Amino acid sequence: MEHIVIIGNGISGVTAARHIRKNSDKQITIISKENKYFFSRTALMYIYMGHMKFEHTQPYENWFWEKNNISLKEAFVANINTEKKVLDFSNGEHLSYDKLIIASGSKPNKFGWPGQDLEGVMGMYHKQDLENLEKYAPNKEACKRAVIVGGGLIGIELAEMLRSRDIPVTFLVRESSFWNGVLPAQESEMINEHIKDHHIDLRLGANLKEIKADENGKVKSIIIEETGEEIFCNVVGLTAGVSPNINFVKESGIATNRGVLVNRFLETNVKDVYAIGDCAEQHDAIGQRRNIEAVWYTGRMMGETLAQTICGNKTAYKPGHWFNSAKFLDIEYQTYGWVFSERGLKEGETYFQWRHPKDYKCITISFHKESRQFIGINTFGIRMRHEIFDKWLTENQSIEYVLEHLADANFDPEFYKLHEGEIMEKFNQENGTNIKLQKKSWKRIFSKA
Amino acid sequence: MKAIKYTGLLLFLIGLAIFTGTIFTGSFSLTQTELDNYIQEKGYKSEILKTELKNAVVTNKSLNIFEFSSRVRGAFETSNNFYDALIAKYDAEKNWDKKGEQYQYKVYGKPHTLSYNLAKKAGKGYVRDNAGLMWFLTFGLGIIGALLFILPNVILLGKPGIKNNGIYLNSATNRGAIAWLVLVYLVTFYLVLYFMADYAVNWTYILDPISKALNGGEASQWFVYGFLYCVIMLTMGVRMYIKYRHNKYQIVRTTSVLFFQIVFAFLIPEIMTSLNMPGYDFKNAFPLDYDFFFDWNIENLTNSGGIGIFILVWGILLTLVIVPVMVYFFGKRWYCSWVCGCGGLAETLGDPYRQHSNKSLNAWKLERWLIHSVLVFSLVMTIVTLYCYFSGTESLIGIKSQWIKDTYSFLIGAWFAGVIGTGFYPIFGNRVWCRFGCPLAAYLGLVQRFKSRFRITTNGGQCISCGNCSTYCEQGIDVRSYAQKGENIVRASCVGCGICSAVCPRGVLKLENGPETGRINPTDVLLGNDVDLMQLVNKK
């Protein structure tokens, strides 16, 4: 029986294993050193915040793996021998495979800052990072202040975590406004306001120069590059993005760049070796997607796709329209299609924007000035229906059509105050149009593109 | 702010301590005249009982309720034992006439109930004489203290949004020592209420004035329970309003359960009683209202003129037509988390414990066996009861009507719904009864699963499997297992509380009533994969 070995038990590897099992009776082994059982990394923050216990982050009960005949091996892969098709583990053991799936995920970026390996410096990615945080920042008495370096999605989550225990937080963001490489100014500024509302000391345009140690080799303070200011703290969170976790691949002859290089079928240059998820890098970008996509759902999709190929139904990875979501403290964010920040706007593209006068709610719609084609939408504080926007993007609908049928797309809980009327009014004013909002229609919602 | 909070907690605990302490106060005795009147009123014929009761309760000694109860129960027991012995004796002698005569002297009823009825008349002391002040020191302090504890959350919790910080870091909400203490208190409370009501007779004195104002009569232990129920729901309702103030669905739903509890379950029945009508909770549907078809209720209703007949017809209509039709349009949530009293308590007092429901597959299996067994049990009981009522017999296929009614009332009515259902909130979560026991929920669930427009829609591929939804599902549904596959959630047990949708950080879940087509979508998934891949997967 063919032996499929998967390195990494994150969402990509586990999805691949589950779908291979669904479609075949191949022997499957998943290897991980982080934790024996699959858990949702996305939920680690909620453990520290006391919303959940670790067991709640495990989507499958522990008996699931044996019942589905998926072996779990707790080990660290040191090297891959692609000639003999054998994995060498750091403890000296070996395991042979017929097909190998590399799904080893990411690791937090460190940019060679002085003091970046001191005690009390951590990322927020692995289960071990959480344990570290619990050790160094159990409460506001033990941790008088924490400094977070890097204004992305993990950074703001770490800030939220620490604030849940009333620990003072200084948040160093390199950009002049939070995440403004991705978000349009309206939204980026709104998030700035919201961060300050949560009593987080937000420092925009601030880079880390160095982390200083006390006499015990623990974090004492950090120095800001631009101002030279010293901020005393007990914990430093490094959240300046992630990169593929592929050190063990380097000697194997498997081609890598920043990640493990794969084609559309998620195959590497070596036969019977595949890579999926955060650690995979497409030779050529797919549409406007990045070559490396460290996103939860793309990992899941790659796992599903590769399982098809491995079970004899050779299938290319073709992610559909871009979408994503996040939560910035209390503000939910969803995006469908492409909305770039001002500096990323393409020729001929423009925005329609609306912001609620009081609440933290806003939308930005990207569209072509000439063709009126709808390109993408960002919503903050308003939930939208994925299927509907996916359909509208496939159908190349116009911005007018989208606005006219916005009620179909709303996904807020029942009884929520809806803002489609105000949004429409603003658009009509700005564009001299007279679009009328259509009532929500189940028929349209369920019709296929 | 924190100081206010802890002052509130202190006041609440003082109120609770006084409330509990009143049980041990007062003295209980009757004068000979009072006792004679009582015996005459009840029509007791046993001379032994008269002597025994006289010895027991006509006394100058200051008896507390426990001594009083023990003496009264002893008196009834002695009398009954005496006549049982005579019955046995005449039975052995085959003296049927004499044997038959003895039965009129026996007194039937549960010992603690007999004792309660007498104690209600026998109590003297500070609590009874100062009901108003005592109300303030118990209910009053409790309410003020609880509100002082809850209201600062408007500021302490910060901006509106999901406020679950620290739930698993706190002893009270993480099955710690405080949770176990609360469990012991609640279980004891229910045991006293259901099985030893005489011990709590002092509580009824505190509410006598309110009861008289509402229905003209003195308060019973059930009036105390009903009143307490409303007070707790209101106070904890305030907590819900603050905690979920960003979520209009929760606000509207909380208002609805409070309204139905206070107006329908409490005020209307009391007012009906004061107008000499049978007190009836118009929203309490059979088979949750399991004694609706008991002979005494049917007789009571048929003897109450037009209103009785109306209630009888309404009750049948409610179960057979209104309930299923509403479930078809809105899901069982319209009842379980918008109207029902049990649900109302679960969604207010029980909200801090919702995360303790068991999500394992085994719990789901147990749930399906147990809840449907209770449904069958309640239906068998009702069929037996109705058959015996109309045919005038005592049993059907060997099942005695009285026995099955008593067994159901004891096992399901008192133990399952009360002692376990509410008493175990702090450890097993707030919907133990609703999930594993309620026969009405089982019935509604079958309708919801197979013929309804209600579902929780999963928003395409946005789920990140974080598990907030499953953790906070009070019914133990593993919501995430559906959401992460892009499947809608259509489950018999879902009561539509809407918390999964509220706690989801990515806007993945929405409770909706929509067309039946597309309600269950196990294969028609859009996880973000290109459509033609999904077609390939689906073809297989």
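**Figure 1. Strands β22 and β25 of chain A pair in this predicted model.** β22(A) and β25(A) run antiparallel and share 5 bridges. One bridge sets A:Gly337 against A:Gly376 in β25(A). β25(A) has a partner in β24(A) as well: 6 bridges join them, again in the antiparallel sense. Strand β24 covers residues 362-368 of chain A. Here A:Ser366 stands opposite A:Gly376. A:Gly376 therefore faces A:Gly337 and A:Ser366, and the strand that holds A:Gly376, β25(A), has 7 of its 7 residues buried, so the rest of the structure largely encloses it. β24(A) and β25(A) also form a hairpin, with 5 residues between them. A:Arg372 sits in the turn, with a positive phi of about 65°.

**Figure 2. Five strands of chain A make an open, parallel sheet in the order β3-β2-β1-β7-β19.** The edges belong to β3 (70-74) and β19. Each has a single partner strand, so one side of each lacks a neighbour in the sheet. From one strand to the next, the twist averages 20°. Look at β1 (residues 3-7) and β7 (residues 99-102): they run parallel, joined by 4 bridges. A:Ile7 stands opposite A:Ile102 in β7(A). Helix α1 (residues 11-23) of chain A lies across β1, β2, β3 and β7. This helix runs at about 170° to β2(A).

**Figure 3. A second open sheet in chain A has 5 strands, ordered β9-β16-β10-β11-β12.** Its pairing is parallel. β9 (121-122) and β12 (201-204) are the edge strands, and each pairs on one side only. Within the sheet, β10 (residues 146-149) and β16 (residues 235-238) run parallel and are joined by 4 bridges. A:Val147 stands opposite A:Val236 in β16(A). In general, the strands of a sheet pair through backbone hydrogen bonds.

**Figure 4. Helix α5 of chain A lies across strands β10, β11 and β16.** The helix spans residues 153-163 and runs at about 170° to β11(A). How many residues of α5(A) are buried? The count is 10 of 11, so the helix is mostly covered. Among the buried residues are A:Ile154, A:Ile156, A:Leu158 and A:Leu162. The buried set also includes A:Glu157, A:Glu160 and A:Arg163. What covers the buried residues includes β10, β11 and β16, along with α2 (44-48) and β21 (323-328) of chain A.

**Figure 5. The largest nonpolar core has 248 residues.** Those with the most contacts inside this core are A:Ile6, A:Ile101, A:Ile102, A:Ala146, A:Val236, A:Ile276 and B:Cys500. Take A:Ile276 and look at what surrounds it.

**Figure 6. Two helix pairs in chain B cross at angles of about 150° and roughly 75°.** Helix α1 (residues 2-22) packs with helix α8 (residues 131-150), their axes 7 Å apart. At that angle, α1(B) and α8(B) are roughly antiparallel. Their crossing is left-handed. The other pair is α11 (residues 201-215) and α12 (residues 221-243), whose axes come within 9 Å. α11(B) is therefore roughly perpendicular to α12(B). B:Trp203, B:Thr204, B:Leu207, B:Ile210 and B:Ser211 are the α11(B) residues at this meeting. They meet B:Gln221, B:Phe223, B:Val224 and B:Phe227 in α12(B).

Figure 7. Most residues other than glycine have a negative phi, and most peptide bonds are trans. A:Asp272 lies in the loop between β18 (260-262) and β19 (273-275) of chain A. B:Pro287 lies in the loop between α13 (248-274) and α14 (295-302).

Notes: Residues are numbered from 1 along each chain as its sequence is written. Chains are lettered from A and ligands numbered from 1 in the order in which they are written. This is a predicted model: local features need pLDDT of at least 70, side-chain atom pairs count only at pLDDT 80 or more; totals for chains, interfaces and linings use all residues. A nonpolar core is a set of buried Ala, Val, Leu, Ile, Met, Phe, Trp, Tyr and Cys residues joined through C-beta atoms within 7 Å. A residue is buried if 20 or more other C-beta atoms lie within 10 Å of its own, exposed if 12 or fewer, and partly exposed in between; C-beta atoms are placed from the backbone. Two residues are in contact if their C-beta atoms, placed from the backbone, lie within 7 Å. Two strands pair if DSSP finds at least two bridges between them. Axes are lines fitted to C-alpha atoms, for helices over the stretch in contact, and angles run from 0 to 180 degrees between N-to-C directions. Angles under 35 degrees count as roughly parallel, over 145 as roughly antiparallel, 65 to 115 as roughly perpendicular and the rest as oblique. A crossing is left-handed if the near helix is turned anticlockwise from the far one by less than a right angle, and right-handed if clockwise. Lists of a residue's contacts leave out its neighbours within four places in sequence.
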